Amino acid sequence: PVYNEAGNVEELHRLNKATLEVLGEPYEIIAVDNGSSDGTLAILKKLHPIRIIALTKNFGQAAALEAGIREARGDIVIIMDGDLQNDPRDIPKMLAQLRGGYDVVSGWRKNRFDSWFRRFHSYSANWLTRKVSGLNIHDHACALKVYRKEFISNVTLHGAQHVFLAAQAYRRGAKITEIEVTHHARKSGLSKHHFWAGVKAIADLVVVRFLAPDTRPLVFFGWWFLLFLAVGLALTVVFVMVSKGIFFLGLALWFLLVGAVFLLSGLAVELLRRNNLETRGERPYVIREAMER
């Protein structure tokens, strides 16, 4: 996926082409232009070999990735950012790991060229993602990953859900490993990542967790309902048998009310999830043109 990366795409294509040709296997390079306004698309049209998917506007990185994944014809899909911070020369060792018995190989930017704030933010986000998703890798947000296509071929990505694509594959039974990869400082263009994007990603993490095939939202909310119900009933007993204070009665009613909210929330999410799974098919992007050079 590329958005306003006019200063990077030509060199990125050169590195990809040089790396992939050495492997001696069939390959394709797909660039999804996400409504760039700096001439990125014009530069892409001068490159060869390349497949270009030009979206009508900037639909976000997740939508661009989904478009590229759906267009990919190979059985192995390699994803990376278009800012030259990922290094295509890491691809051969990642493919070797994949063919060693894995379904997903995730890059780990152990030595990062980012500000201390961004590194701290990334560390916190990765800790939370490990806890929620159950996938214990260091760097969920590293864009450089290698997938067997069957685990991601029918995904629908919204918001920042592309960050958790490996976690989705994990929930589908993919065998996942990670490997240290090179990380470069950005040389051209502006970063599209910022603090609020990370905040929004937390909400998408919860959505991804509930959309996993083995997730039952009603069960999750049901446990919270039972917890609040038990506390509410205990406080009611305290009110009746020990104290006549209105405080305990009010507190008991509050716990019972919150418990009911959790139960109703579980029912609502369960119904929405099933409806989403049954009606999924709408694409979160529009393609203006597609070409192959």
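Two strands are said to pair if DSSP finds at least two bridges between them, and strands themselves are DSSP runs of E with at least two residues, while helices are runs of H or I with at least four residues, both numbered from the N terminus. The views below show a predicted model, in which local features need pLDDT of at least 70 and side-chain atom pairs count only at pLDDT 80 or more, whereas totals for chains, interfaces and linings use all residues. Residues are numbered from 1 along each chain as its sequence is written, and side-chain values use heavy atoms, with hydrogens and water left out.

**View 1. An open sheet is formed by 3 strands in the order 1-2-7, with mixed pairing.** The edges are strand 1 (30-33) and strand 7 (287-292), each of which pairs on one side only. Neighbouring strands of this sheet are turned by 10° against each other on average, with direction ignored; here axes are lines fitted to C-alpha atoms, for helices over the stretch in contact, and angles run from 0 to 180 degrees between N-to-C directions.

**View 2. Strand 2 (residues 51-55) pairs with strand 7 in the antiparallel sense over 5 bridges, and with strand 1 in the parallel sense over 4 bridges.** Towards strand 7, leucine 55 stands opposite isoleucine 287, and arginine 51 stands opposite glutamate 292. Arginine 51 is also the bridge partner, in strand 2, of isoleucine 30.

**View 3. Strand 2 is mostly covered, with 5 of its 5 residues buried.** Buried means under 20% relative accessible area, exposed means over 50%, and partly exposed lies in between, using a 1.4 Å probe and protein chains only.

**View 4. Helix 3 (residues 61-71) lies across strand 1, strand 2 and strand 7, running at about 145° to strand 1.** This helix is mostly covered, since 8 of its 11 residues are buried, namely Ala62, Ala63, Ala64, Leu65, Glu66, Ala67, Gly68 and Ile69. The cover over the buried residues of helix 3 includes strand 1, strand 2, strand 3 (76-79) and helix 6 (165-171), where contact means heavy atoms within 4.5 Å.

**View 5. Some backbone angles deserve a careful look.** Most residues other than glycine have a negative phi, and most peptide bonds are trans. The peptide bond from histidine 48 to proline 49, however, is cis, with omega near -5°, and proline 49 is found in the loop between helix 2 (40-44) and strand 2. Asparagine 4, in the segment before helix 1 (9-23), has a positive phi near 55°. Leucine 84 has a positive phi of about 70° although it is not a glycine, and this leucine lies in the loop between strand 3 and helix 4 (91-98). Is leucine 84 buried or exposed? Leucine 84 counts as buried because its relative accessibility is 15%.

**View 6. Lysine 175 lies over the face of tyrosine 102, at 5.1 Å from the ring centre.** A charge sits over a ring if NZ of Lys or CZ of Arg is within 6 Å of the ring centre and within 35 degrees of the ring normal.
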